[in-house]
Amino acid sequence: MRLLHAPRGRGTQMAAGAEAARGDWLLFLHADTRLGEGWEGALRAAMAERARAHHFAFALDDDAPEARRLERAVAWRCRWLALPYGDQGLLIHRDLYALLGGFRPLPLMEDVDLVRRLGRARIAAMPVPAITSAERWRRDGWRRRSARNLMVLSLWFAGVPPRWLLRLYAGR
């Protein structure tokens, strides 16, 4: 294992990781996310499609009914809008990543930016969950956190600069 130092900002940090990686495939995964059972087989199957990126199903590590509702909402967003977020992981071949220009140096929304450049035809779901910590939802409130995330996404699409969105997202 190697420890990399990169400037602040998720986009910058993930771009640094991709540059330092040696393999043909890149798997981006948030630190508070772990892959569900069967992930190895799902990755092997996905790697047969070099021209497409793949994401996992969204799951939370909480038994609350609110967690299941949020998981269903995220599944809808992925299915109908082709818009997975970084907490679902992203498997992408290095050549496709390079073709897209990689992660841009954004402090927030770097995942949405890359997925939008991929487009619907070049992204597919894997049938295995990426299980993310529900800590932020429990701490901030299920509805409040989800509403904040939706507002940040809407403002991103409206053209609000990411540095402003970061302040809103962080609750500052």
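A: The model is a predicted one, in which local features need pLDDT of at least 70 and side-chain atom pairs count only at pLDDT 80 or more, while totals for chains, interfaces and linings use all residues. Residues are numbered from 1 along each chain as its sequence is written, and side-chain values use heavy atoms, without hydrogens and water.

His-55 sits in strand 3; strands (E, at least two residues) and helices (H or I, at least four) are DSSP runs numbered from the N terminus. If residues up to four places away in sequence are set aside, His-55 touches Cys-78, Pro-84, Gln-88 and Gly-89, and also Ile-123, Ala-124, Ala-125 and Met-126, where contact means heavy atoms within 4.5 Å.

Strand 3 also has a helix packed against it: the buried residues of helix 5 pack against strand 3 (53-60), and likewise against helix 1 (10-20), strand 4 (90-93), helix 4 (94-100), strand 5 (123-132) and helix 7 (142-157). Helix 5 itself, residues 110-118, is mostly covered, since eight of its nine residues are buried, and among these are Val-112, Leu-114, Val-115 and Leu-118, together with the charged Glu-110, Asp-111, Asp-113 and Arg-117. After helix 5 comes Gly-119, with a positive phi near 80 degrees.

From here the picture widens to the nonpolar cores, each a set of buried Ala, Val, Leu, Ile, Met, Phe, Trp, Tyr and Cys residues joined through side-chain atoms within 4.5 Å. The largest core holds 27 residues, and those with the most contacts inside it are Phe-28, Ile-92, Tyr-97, Met-109, Val-112 and Leu-118. Two or more of its residues come from each of helix 1, strand 1 (25-28), strand 4, helix 4, helix 5, helix 7 and helix 8 (162-170), and helix 5 gives the most, with four residues. A second, separate core has ten residues, including Phe-58, Leu-70, Cys-78 and Trp-142; Cys-78 in turn is one of the residues that His-55 touches.

The loop between strand 3 and helix 3 carries Asp-61, whose relative accessibility of 39% makes it partly exposed. Asp-61 forms a salt bridge with Arg-138, with the closest N and O atoms 3.9 Å apart; the term means a side-chain nitrogen of Lys or Arg within 4 Å of a carboxyl oxygen of Asp or Glu. Because Arg-138 belongs to helix 6 (residues 135-140), this pair ties together parts that are 77 residues apart in sequence. Arg-138 is partly exposed too, with a relative accessible area of 40%.

In helix 3 (residues 65-81), Arg-68 forms a salt bridge with Glu-71 at 2.7 Å between the closest N and O atoms, and the two are separated by about one helical turn because they are three residues apart in that helix. Arg-68 is partly exposed at 27%, whereas Glu-71, at 16%, counts as buried. Salt bridges that share partners also join Asp-61 and Arg-138 with Asp-62 and Glu-135 into one network.

Among contacts between residues at least 6 apart in sequence, 71% join residues at least 24 apart.

How values were computed: Buried < 20%, exposed > 50% of the residue type's maximum accessible area, 1.4 Å probe, protein only.
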